[in-house]
Amino acid sequence: MEGGDDCSFPPDSSDDHSQRGSVASSATLSRAQDVLVYLFGDSAVHLTVEGLGSVTVQELGRSVREALHIPDSVQDAFAFWLCSPLLELQLKARHQPYKLCRQWQDLLYRFTEASEEDISQDEPYLQYRRNVFYLKSKELQIEDEGVLRLLYEEARSNILTGRYPCDPEHWTGLGALSLALEEGTGLESQQFTTTVREKKLSSFLPAHVVMGSGGLLSTLRGKSSRHAGLEQNLLEEYRKISTSAGNSPEPTQLLHQYLNTCHSLPYYGCAFFVGEIDKPAQGILQRAKRKAVNVGICLEGVYVMDVKEKHVLLGLRFSELSWDHSYPEEEGDSHILWLEFDGEEDGTAVNKLLKIYSKQAELMSGFIEFCVELKSASEGGAAAEMDGEASLSQQPAGQEGRSKNGRGGRRGMLHRQGSVVCSRVHSLNTISYVDNGKEIKRLKPKRAASFFTRQASATTYSAVQVAESLEQG
């Protein structure tokens, strides 16, 4: 499971109210303790910390930056996260990691659907990684090779695990850059083949691409043929790098190229949460089923991704959505994050509501609110940069070309229709409704106003007021 937070988590995490936080004796914690801070790429920073029980993220940060030789000018590029297979949380400077570790099971009960057994066995680790709120425009200006490598290792992990869905031209080019960074750009064809087979394709290409979708029905011959094709594509991209960069390009040049490619993915740098959405009904008698999704949230917007298929289901900038979250009203109900956005049904302009079932709905709602406030406060260059970077592929399918209620004129497609980055609104089970000025009603009456024209201004964001009847939808 994946999650992330900075703004609202958790209200009592850095005080002494938790019973779990006061278990260890103060005498033990006053002595020097060894602490491992993990990095992407299977490495860690080993620190010896005095007074571990009360040390803050801010204090740890100084020690880690010193150990990694990170310049003060880019200290905001990274943050501390508490991570496990069940939950990931970005920490604030004032948080005390030891106390949060003592409260970890409480956090898992509150924010995950994990079983009691899984929760009892789960242990978090402290990780130093990219700060969700660090602007991509600042990242492009970094020249320090060590800092770039830290960012590269994290981006590479997200590409290989499929957390950042991308198209073949992206993952092939990125795989070739990884090979060039590890082995240089001077490998001949036979050396290339030997190296790739020794290190395995999964070191360079996403796991779901290498594995394929055939499962047990996939023959060895088919698998071998597919891998040969992937190797050939990787070789062609590698040769392009060798030709354009020469035989000994600077590592920083290749690192910048890798990160720049990742920046074209609108969800680069997101914090990730987990949830489920309703699958479209297949028949009258079939019970409604749910689909597992990852929800990525960053300074630019919200992205709902299919966990299994590794593609985007819905991508929206903050100017294109309203949101709210609701708590369970009865036992067995779910926490829900509601996303409202502009849509179309049978030629009629409608508002659409997507329900995301997740115990992390409260975290997601608070995270969105914090990003919106941060974005609104950063007027000028930073705000312009974010608006300019937001990918047009986030537009719902079939709406890219038409003027959208005063939010700009005709827009072109940046990605081909089959791209994994494109929204797939047609495949979502959404609630469509219109607002007749009195109450929210289901389609089909012609609506009196778009949600967007109901907003006070383009920079105002409102929470969705969900009608009781829609809770059942």
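**Burial, packing and pairing**

Of the 473 residues of the chain, 51% count as buried, where buried means under 20% relative accessible area, exposed over 50% and partly exposed in between, with a 1.4 Å probe and protein chains only. This is a predicted model, in which local features need pLDDT of at least 70, side-chain atom pairs count only at pLDDT 80 or more, and totals for chains, interfaces and linings use all residues. Residues are numbered from 1 along each chain as its sequence is written, and side-chain values use heavy atoms, with hydrogens and water left out.

Me: How many helices and strands does the chain have?

Reply: Helices (H or I, at least four residues) and strands (E, at least two) are DSSP runs, numbered from the N terminus. On that basis the secondary structure comes to 16 helices and 14 strands.

Me: What share of the contacts with a separation of 6 or more is between residues 24 or more positions apart?

Reply: Contact means heavy atoms within 4.5 Å. Among the contacts in the chain with a separation of 6 or more, residues 24 or more positions apart account for 68%.

Me: Which term describes the direction of α8 relative to α12?

Reply: Axes are lines fitted to C-alpha atoms, for helices over the stretch in contact, and angles run from 0 to 180 degrees between N-to-C directions. Helix α8 (residues 168-183) packs on helix α12 (residues 251-263) at about 160 degrees, with the axes 10 Å apart. Angles under 35 degrees count as roughly parallel, over 145 as roughly antiparallel, 65 to 115 as roughly perpendicular and the rest as oblique. The two helices, α8 and α12, are therefore roughly antiparallel.

Me: How many residues of the contact of α8 with α12 are charged?

Reply: The α8 side includes His170, Leu174 and Leu181, and the α12 side includes Pro251, Tyr258 and Cys262. Ala, Val, Leu, Ile, Met, Phe, Trp, Tyr, Cys and Pro count as nonpolar, Asp, Glu, Lys and Arg as charged, and the others, Gly among them, as polar. The contact of α8 with α12 has nine nonpolar residues, four polar and no charged.

Me: Is α7 parallel or oblique to α12?

Reply: Helix α7 (residues 145-160) and α12 pack at about 40 degrees, with their axes 10 Å apart. That angle makes α7, relative to α12, oblique.

Me: How many charged residues are in the contact of α7 with α12?

Reply: Glu145, Arg149 and Arg156 are among the residues of α7 in this contact, and His256 and Leu259 are among those of α12. By class, the contact of α7 with α12 has ten nonpolar residues, two polar and, as charged, three.

Me: Is Ile159 buried or exposed?

Reply: Ile159 lies in helix α7. Leaving aside neighbours within four places in sequence, Ile159 is in contact with residues including Tyr164, Leu174, Tyr258 and Cys262. At 2% relative accessibility, Ile159 counts as buried.

Me: Which residue in β7 is the bridge partner of Val274?

Reply: Seven of the eight residues of strand β6 (residues 271-278) are buried, so β6 is largely enclosed by the rest of the structure. Eight bridges join β6 to strand β7 (residues 290-297), and the two run antiparallel; strands pair if DSSP finds at least two bridges between them. In β7, the partner of Val274 is Asn294.

Me: Which residue in the turn between β1 and β2 has a positive phi?

Reply: Strand β1 (residues 33-39) and strand β2 (residues 43-49) pair in the antiparallel sense over seven bridges. They form a hairpin with three residues between them, and the turn residue with a positive phi, about 90 degrees, is Gly41.
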